[in-house]
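This briefing sets out computed features of the structure shown below, grouped by topic. It is written for a reader who has the coordinates at hand.

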Amino acid sequence: MITDLTQYTFFTNAMEASLLISILCGIAGTWIVARRLVFIAGGITHASFGGIGLGYYLGINPLLGAAAFAVASANLMLFGTRKGNLREDSAIGILWSFGMATGILFIFLTPGYAPNLMTYLFGSLLTVGTMEINLMWILSAILVVFFVLFYRVILTIAFDENHARAMRLPVELVNYTLMTLIALVIVLSIRVSGIILVISFLTIPQSTANLFSRSFNHIMFSSVAISLVTSLTGLYLSYWLNVPSGATIIVVMVIVFIFARLMKWISLSHFRR
Amino acid sequence: MSLKPVLPLLKIENLAAGYNGRIVLHDINLTIMANDFIGVIGPNGGGKTTLLKVITGLIPPMTGLMNYGPLLDNGRRIGYLPQMHQYDRNFPILVLDVILSGGMGQRKLINPFNRTDRKRATELMAMTGLSHLQNHPIGDLSGGQAQRVFLCRALMNDPALLILDEPANFVDAGFEAELYDILHDLNKKMAIIMVTHDLGIITPYVKTIACVNGDLHYHPSSEITQDLLATYSCPIELITHGTVPHRVLKTHTEP
């Protein structure tokens with residue numbers, strides 16, 4: 001069965017994209033979960049839909065529009081909550097709905113062909129193209145190099161921003177750089193897992209890993225591994241069952257999380273006895 | 001006595017500071033010399049923590065001057081132990097990593113730690129009795145154990161000035177006595193400035209007292225009386241002196 005499927009370019013592309021989204025979201029998600037920024041990530045994801053609509057309206061690549069909207073909204077949220085005395089959850093709510101609204105308006109105003117919104121809302125792993133895969137390779141390389149080089153700085157700032165500031169570390173520079181990288185991770189992941197499901201790649205593998213470890217780099221490595229195994233499993237399952245791949249992957253991820261949670265519960269109650 | 005001119009670690013002149021345009025501290029003058037041990041007392045909301053934040057450089061002065069001496073290396077050789085409640089217990093980080101992070105201020109940003117740093121972290125953990133916990137997540141520790149971790153973190157960069165904000169809060173009584181002994185030893189190598197509610201206990205270690213209540217009154221000895229405090233409008237419950245450290249409890253209301 002496996003050799004059958006790998007004959008098709010669309011399927012090998014999908015496998016490659018699964019690997020890349022696992023690396024991207026495994027690393028980025030660990031930072032997001034540790035810093036409790038999951039809903040900021042959700043806000044960035046939905047705000048980028050406005051950019052997708054704008055892309056169609058202007059006749060440019062929707063990914064480009066999405067990247068512009070995502071990076072702008074990520075940095076605006078960071079800036080607004082720090083300097084503008086804006087409450088974080090309110091800022092997220094505003095950008096979240098504004099992005100979706102402008103996206104729908106732009107797509108409605110675009111003359112002629114109406115793009116399939118479902119692709120962007122739920123993703124389409126099987127139609128990922130070579131250009132997107134190349135972009136994901138480049139971003140993965142940047143993200144991995146950034147985290148390897150600056151791991152200690154990132155960890156120090158993420159754990160205790162005030163203390164890092166007292167030590168004269170470049171707190172703002174690191175935060176804005178990370179937010180920008182995360183916005184780009186989200187945009188490239190949207191093509192694979194869709195706006196609605198991208199948050200699962202950023203949170204479910206990390207939460208599963210977090211059950212067994214509370215060390216930042218262990219969670220990072222395990223999240224990439226869990227994400228890769230579950231997305232490949234989901235990919236094959238979706239082919240056999242003839243159902244959408246993105247949604248299948250999420251269901252597999254959640255089943256693994258519940259299974260891991262039960263395992264931990266059983267092993268803990270076993271040791272207590 | 002040495003005839004070499006002794007440079008202060010830190011000099012604050014006519015400084016005012018606060019948040020969002022609201023002045024919390026005004027007319028602050030303070031000079032910190034090497035081997036000082038300054039106890040900072042004063043009522044809640046009087047600006048004690050604000051003073052510490054100004055010294056660490058977390059908030060800029062609104063007016064006035066604050067100059068670091070050469071020994072402080074532009075504030076990089078300050079060890080800071082913030083008040084207890086400011087960390088996320090669920091953050092995925094190990095004890096050893098928290099302690100190492102205290103050395104970041106003086107290191108290059110890429111691959112900052114070498115064997116010497118790890119050795120220093122190991123020594124600090126041994127000193128504070130944390131060795132067996134080094135690979136535990138910070139969230140597993142009790143309040144007192146976590147406070148030891150943050151003390152080690154503050155000491156990682158070999159500070160010339162150690163700043164402590166209510167270090168004895170949430171600490172078990174056993175460690176409290178131990179903590180003051182450790183501070184007494186550390187004071188031979190570094191200046192210490194410590195905010196405390198409980199000056200009575202530590203009077204034998206503190207050398208001078210600063211009373212912060214909007215402004216700052218510096219008392220160049222730890223000999224201080226209730227009358228003196230009243231003049232400084234500095235309400236504090238009790239201060240005593242003795243040849244041995246001792247604790248005086250409130251009188252019983254019922255006979």
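Of the 273 residues in chain A, buried residues make up 48%. The model is a predicted one, and its chain A contains 12 helices and zero strands. Chain B, by comparison of composition, has seven helices and nine strands.

**Overall form of chain A**

- Along the sequence, the elements of chain A follow the pattern α-α-α-α-α-α-α-α-α-α-α-α.
- The C-alpha trace of chain A spans about 60 × 55 × 30 Å along its principal axes.
- Among the contacts in chain A with a separation of 6 or more, 73% are accounted for by residues 24 or more positions apart.

**Packing of helices α4 and α10 in chain A**

- Helix α4 (residues 62-83) of chain A and helix α10 (residues 171-212) of chain A have axes that come within 9 Å and cross at roughly 145°.
- The crossing in which α4(A) passes α10(A) is right-handed.
- On the α4(A) side, the residues that meet α10(A) are L63(A), A66(A), A67(A), A70(A), V71(A), A74(A), N75(A) and L78(A).
- On the α10(A) side, the residues in this contact include N175(A), Y176(A), M179(A), T180(A), I182(A) and A183(A), and L184(A), I186(A), V187(A) and I190(A) also belong to the α10(A) set.
- Classified by residue type, the contact between α4(A) and α10(A) has 15 nonpolar, three polar and no charged residues.

- Helix α8 (residues 151-159) of chain A is mostly covered, with eight of its nine residues buried.
- The buried residues of α8(A) are R152(A), V153(A), I154(A), L155(A), T156(A), I157(A), A158(A) and F159(A).
- The cover over these buried residues includes α2 (9-34), α7 (130-149), α9 (161-166), α10 and α11 (216-241) of chain A.
- Chain B also takes part in covering the buried residues of α8(A), through its helix α2.

**Residue M100(A)**

- M100(A) is located in helix α5 (residues 88-109) of chain A.
- This residue is partly exposed because 18 other C-beta atoms lie within 10 Å of M100(A), a count between the limits of 12 or fewer for exposed and 20 or more for buried.
- Leaving aside residues up to four places away in sequence, M100(A) touches H46(A) and F49(A).
- M100(A) and I204(A) are 104 residues apart along the chain, and their C-alpha atoms are separated by 24 Å.

**Contact between the two chains**

- In the contact between the chains, 24 residues of chain B meet 21 residues of chain A.
- Helix α2 (residues 95-101) of chain B supplies three residues, the largest share of the side of chain B that touches chain A.
- That side of chain B divides into 15 nonpolar, seven polar and two charged residues.

- The domain assignment of chain B gives domain 1 (1-77 + 159-247) and domain 2 (89-156).
- Nine residues from domain 1 of chain B and nine residues from domain 2 of chain B form the contact between these domains.
- The side of domain 1 of chain B that touches domain 2 of chain B has seven nonpolar, no polar and two charged residues.
- Of the 255 residues of chain B, 39% count as buried.
- Among contacts in chain B between residues at least 6 apart in sequence, 72% join residues at least 24 apart.

**Loop residues of chain B**

- D158(B) lies in the loop between α4 and β6 (161-165) of chain B, and its phi is near 50°, a positive value in a residue other than glycine.
- With 12 other C-beta atoms within 10 Å, D158(B) is exposed.
- E166(B) lies in the loop between β6 and α5 (173-186) of chain B, and the phi of E166(B) is also positive, near 50°.
- E166(B) counts as buried because it has 20 C-beta neighbours inside 10 Å.
- G129(B) is placed in the loop between α3 (115-128) and α4 (143-155) of chain B, and it counts as exposed, with 12 C-beta neighbours inside 10 Å.
- From C-alpha to C-alpha, G129(B) and N213(B) are 36 Å apart in space, and they are 84 residues apart in sequence.

Key
Residues are numbered from 1 along each chain as its sequence is written. Chains are lettered from A and ligands numbered from 1 in the order in which they are written. This is a predicted model: local features need pLDDT of at least 70, side-chain atom pairs count only at pLDDT 80 or more; totals for chains, interfaces and linings use all residues. Two residues are in contact if their C-beta atoms, placed from the backbone, lie within 7 Å. Helices (H or I, at least four residues) and strands (E, at least two) are DSSP runs, numbered from the N terminus. Ala, Val, Leu, Ile, Met, Phe, Trp, Tyr, Cys and Pro count as nonpolar, Asp, Glu, Lys and Arg as charged, and the others, Gly among them, as polar. Axes are lines fitted to C-alpha atoms, for helices over the stretch in contact, and angles run from 0 to 180 degrees between N-to-C directions. A crossing is left-handed if the near helix is turned anticlockwise from the far one by less than a right angle, and right-handed if clockwise. Domain bounds come from an automatic or database domain assignment.
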